[in-house]
Amino acid sequence: MGDVVRQQSEVRRARYAVAAVFAVHGAVTGSFATRVPWIQDHAHAGPGQLGFALAFPALGASVAMPLAGRISHRFGARTALRGLLSLWTLALALPSLAPNLPTLCLALFTFGATAGMADVAMNALGVEVENRLGRSIMSGLHGLWSAGALVGSAAGTLAAHLGSDARLHHALAAAVLTVLGVAACTWVLDLQPAEDEEPPPRFALPPRSALLIGAIGFCAVFAEGASLDWSAVYLRDRLGSSAGLAAACTTGFTLAMAIARVAGDRVVDRYGAVRTVRVGGVLAALGGLLVVLAGRPAVAMGGFALMGLGIAVVVPLCFAAAGRSGPNPSQAIAGVATITYTSGLVAPGAIGTLAQATSLVVSFGLVTVLACGLAGLAGVLRAGERDRLAVSSRGAAVPDPRP
């Protein structure tokens with residue numbers, strides 16, 4: 001009985017620790033995003049050059065994420081996460097130091113690579129904690145990531161308002177977030193590979209088990225990227241709304257996603273991952289239809305909010321399913337993350353290209369079709385859900401079979 005209580009206490013502590021890690025990771029993103037205009041001016045980059053440079057974080061993440069599994073195998077999950085998260089928080093200081101476009105691209109590639117590796121490591125540990133608890137926590141973890149991004153954005157907004165040098169701001173933020181991240185990693189699960197377990201390859205294509213799960217994530221992230229980057233433009237150019245109302249639409253979309261993620265775990269525990277994603281896909285498709293048919297800004301804003309609600313929990317559930325889909329959770333999660341990052345990379349450009357050739361209405365028609373794909377593909381998550389329920393039936397906390 002004493003061992004069971006100790007294990008349950010360890011898992012609960014690990015849950016709070018990995019939640020703190022997610023918040024720190026999000027805070028780095030929020031801190032960076034608010035100072036992009038300063039970074040653009042410092043690097044003497046025009047709008048087109050900045051758009052080119054901002055593709056490098058996703059490129060770096062896609063290239064580096066497969067390495068996370070091997071690093072975790074080599075050093076153990078806790079040490080790997082501590083190191084990778086520290087690299088990510090410290091990399092926050094790099095973009096603001098770049099004096100020109102080539103160095104900015106290199107800094108952003110490094111920034112994205114460290115972000116992606118830390119992302120894979122923390123999601124793998126989040127899935128392990130979820131398995132041991134026997135109930136959904138991934139949606140809430142991603143909700144805390146959003147909360148961390150909001151805090152980082154608020155601090156960055158204040159720094160920008162005060163006219164502070166982004167080099168100083170990001171150096172201080174990097175130092176504080178590194179300390180917080182290292183402290184949080186002290187209590188995450190210390191998973192070690194079995195002695196006879198083969199290390200994952202340094203680079204590998206996503207495993208077959210991750211492809212269909214990644215397809216669901218692709219649809220959700222495409223809708224998210226399109227809505228975040230184009231919702232304000234849609235209201236301004238298509239419906240003639242004011243700049244303030246257009247900006248409020250993007251804020252409303254983000255808020256809807258954050259609320260849904262915070263409440264998502266309870267919904268998943270009650271109705272299951274498959275039904276949750278299926279209903280979410282229907283809501284997102286309905287939202288897309290409202291956007292396409294909207295004749296007034298209020299209708300389009302409601303449509304974007306519905307899309308945010310519908311897609312909010314999809315990516316966390318995809319990571320959870322990937323972590324239970326094969327013998328190597330980190331490799332499967334890296335595969336799904338690579339696909340979703342690629343979607344986030346191509347979505348804004350694809351929407352713009354299609355809008356240039358046709359119209360924004362047609363572009364969001366494509367988003368609506370992809371949202372329908374969420375409902376159609378949701379059954380892919382069923383196998384991972386059965387695995388979680390099987391863990392739950394054996395107890396809330398299970399001993400780790402690895403040494």
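User: What does the side chain of Ser-136 make a polar contact with?
Analyst: The side chain of Asp-265, at 2.8 Å. A polar contact here is a pair of N or O atoms within 3.5 Å; within protein, one must be able to donate a hydrogen and the other to accept it, and residues adjacent in sequence count only if both atoms are side-chain atoms. Keep in mind this is a predicted model: local features need pLDDT of at least 70, side-chain atom pairs count only at pLDDT 80 or more, and totals for chains, interfaces and linings use all residues. Residues are numbered from 1 along each chain as its sequence is written, and side-chain values use heavy atoms, with hydrogens and water left out.

User: Where is Ser-136 found?
Analyst: In the loop between α7 (101-133) and α8 (138-161). Helices are DSSP runs (H or I, at least four residues), numbered from the N terminus.

User: And is Ser-136 buried or exposed?
Analyst: Buried, at 3% relative accessibility. Buried means under 20% relative accessible area, exposed over 50%, and partly exposed in between (1.4 Å probe, protein chains only).

User: Switching to cysteines: how many disulfides?
Analyst: The count is zero, taking a disulfide as a pair of cysteine sulfur atoms within 2.5 Å. Cys-105 is buried at 7% relative accessibility, and Cys-185 is buried at 0%.

User: Which residues of α13 are buried?
Analyst: Pro-297, Ala-300, Gly-303, Phe-304, Met-307, Gly-308, Gly-310 and Ile-311.

User: OK, what about Leu-290, where is that?
Analyst: Leu-290 is in helix α12 (residues 273-293). Leu-290 is partly exposed, with a relative accessible area of 31%.

Notes: Helices (H or I, at least four residues) and strands (E, at least two) are DSSP runs, numbered from the N terminus.
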